[in-house]
Amino acid sequence: MITVRPAKQSDAAAWLQLRHALWPEGSEAEHREQIEQFFAGDAGEPLAVLLAEQGAGCAVGFAELSIRAYAEGCSSDRVAYLEGWFVAPTARGRGVGRALIAAAEEWGRSQGCREFASDAQPDNEVSAAAHRALGFIEVGLVRCFRKDL
Ligand SMILES: CC(C)(COP(=O)(O)OP(=O)(O)OC[C@H]1O[C@@H](n2cnc3c(N)ncnc32)[C@H](O)[C@@H]1OP(=O)(O)O)[C@@H](O)C(=O)NCCC(=O)NCCS
């Protein structure tokens, strides 16, 4: 049995563990700080966090969501955006990711968005397959650049 609900303060430790597994390049302290900012209402992003639980309250996945004014391939200027999507390895392939996306879509609609967008690393074939299986259409492949100013 999978339940998806908005993350609450008492989920901080579970969310941190899952978040760090998805983005290991960030330190635990950095993740903790971002989580604290989110619950304090000081984070610009994410705007919403959904947590998936399996069985008796065991957190096995999350989705972080925002609203972007521009997203590749989209025509509206208020696009619900999947900033982070993760399911613990032992819980994959059983519909948890699907349940998170269904709840994320519901959240997007509730925010007045009529498009939902996402991105993935070019070599993340599992993510690409999962996106397609859930109705996303691939709209482009971009290269990202930066420089110091
Ligand atoms: C992507 C991810 C969130 C999917 O979670 P999941 O719980 O395994 O997904 P589900 O079991 O709900 O599967 C959803 C759909 O994706 C497809 N899918 C999932 N894993 C797949 C795989 N390894 N290969 C091909 N298709 C796959 C399923 O077929 C399913 O479609 P179906 O219901 O029509 O069969 C999970 O693999 C993950 O956390 N990956 C590592 C982090 C990551 O890459 N996140 C995305 C960053 S953009």
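Which residues does F39 touch, not counting residues up to four places away in sequence? They are Q9 and A12, where contact is defined as C-beta atoms, placed from the backbone, within 7 Å of each other. The notes below take the rest of the structure in turn.

1. Basis. This is a predicted model, in which local features need pLDDT of at least 70, side-chain atom pairs count only at pLDDT 80 or more, and totals for chains, interfaces and linings use all residues. Residue numbers start from 1 along each chain as its sequence is written.

2. F39. This residue sits in helix α2; helices (H or I, at least four residues) and strands (E, at least two) are DSSP runs, numbered from the N terminus. F39 has 15 other C-beta atoms within 10 Å, so it is partly exposed. The scale behind that label calls a residue buried if 20 or more other C-beta atoms lie within 10 Å of its own, exposed if 12 or fewer, and partly exposed in between, with C-beta atoms placed from the backbone. Between the C-alpha atoms of F39 and A7 there are 9.2 Å, with 32 residues separating the two along the chain.

3. Ligand shell. The ligand is surrounded by 19 residues, of which R92, G97, R98, A130 and A133 are the closest; a residue is counted as near a molecule if its C-beta atom, placed from the backbone, lies within 6 Å of it. At least two shell residues come from each of β4 (79-87), α3 (96-110) and α4 (125-133). The largest share, five residues, belongs to α4. Sorted by class, the shell holds eleven nonpolar, five polar and three charged residues. In this scheme Ala, Val, Leu, Ile, Met, Phe, Trp, Tyr, Cys and Pro are nonpolar, Asp, Glu, Lys and Arg are charged, and the others, Gly among them, are polar.

4. Strand β4. Seven of the nine residues of β4 are buried, so the rest of the structure largely encloses this strand. β4 pairs with β3 (residues 58-68) in the antiparallel sense over eight bridges, pairing being assigned if DSSP finds at least two bridges between two strands. Within that pairing, L82 of β4 is the bridge partner of L65. β4 also runs parallel to strand β5 (residues 116-118), to which three bridges join it. Here Y81 stands opposite A117 of β5. The chain passes from β4 through α3 to β5 in a right-handed β-α-β crossover; right-handed means that, with the strands pointing away from the viewer, the path from the first strand over the helix to the second runs clockwise.

5. Nonpolar core. There are 32 residues in the largest nonpolar core, and L50, F62, L100 and A104 have the most contacts inside it. Such a core is a set of buried Ala, Val, Leu, Ile, Met, Phe, Trp, Tyr and Cys residues joined through C-beta atoms within 7 Å. Contributions of at least two residues each come from α1 (12-22), α2 (28-40), β2 (48-54), β3, β4 and α3. Residues up to four places away in sequence aside, L50 touches V4, R5, P6, A7, F62, A63, L100, A103 and A104.

6. Strand β2. Six of its seven residues are buried, so β2 is largely enclosed by the rest of the structure. Five bridges pair β2 with strand β1 (residues 2-6) in the antiparallel sense, and L51 in β2 is the bridge partner of R5. Another seven bridges join β2 to β3, also antiparallel, with V49 opposite E64 of β3. β2 and β3 form a hairpin with three residues between them, and G55 in the turn has a positive phi of about 65 degrees.

7. V60. This residue of strand β3 has 22 C-beta neighbours inside 10 Å and therefore counts as buried. Its contacts, neighbours within four places in sequence excluded, are A52, E53, Q54, V87, A88, A91 and V96. V60 and L149 lie 89 residues apart along the chain, and their C-alpha atoms are separated by 40 Å.

8. Two loop residues. P46 lies in the loop between α2 and β2, and the peptide bond from E45 to P46 is cis, with omega near 0 degrees. N124 lies in the loop between β5 and α4; with 12 other C-beta atoms within 10 Å, it is exposed. From C-alpha to C-alpha, N124 and P46 are 22 Å apart in space, and 78 residues apart in sequence.

Methods
Contact = placed C-beta atoms within 7 Å.
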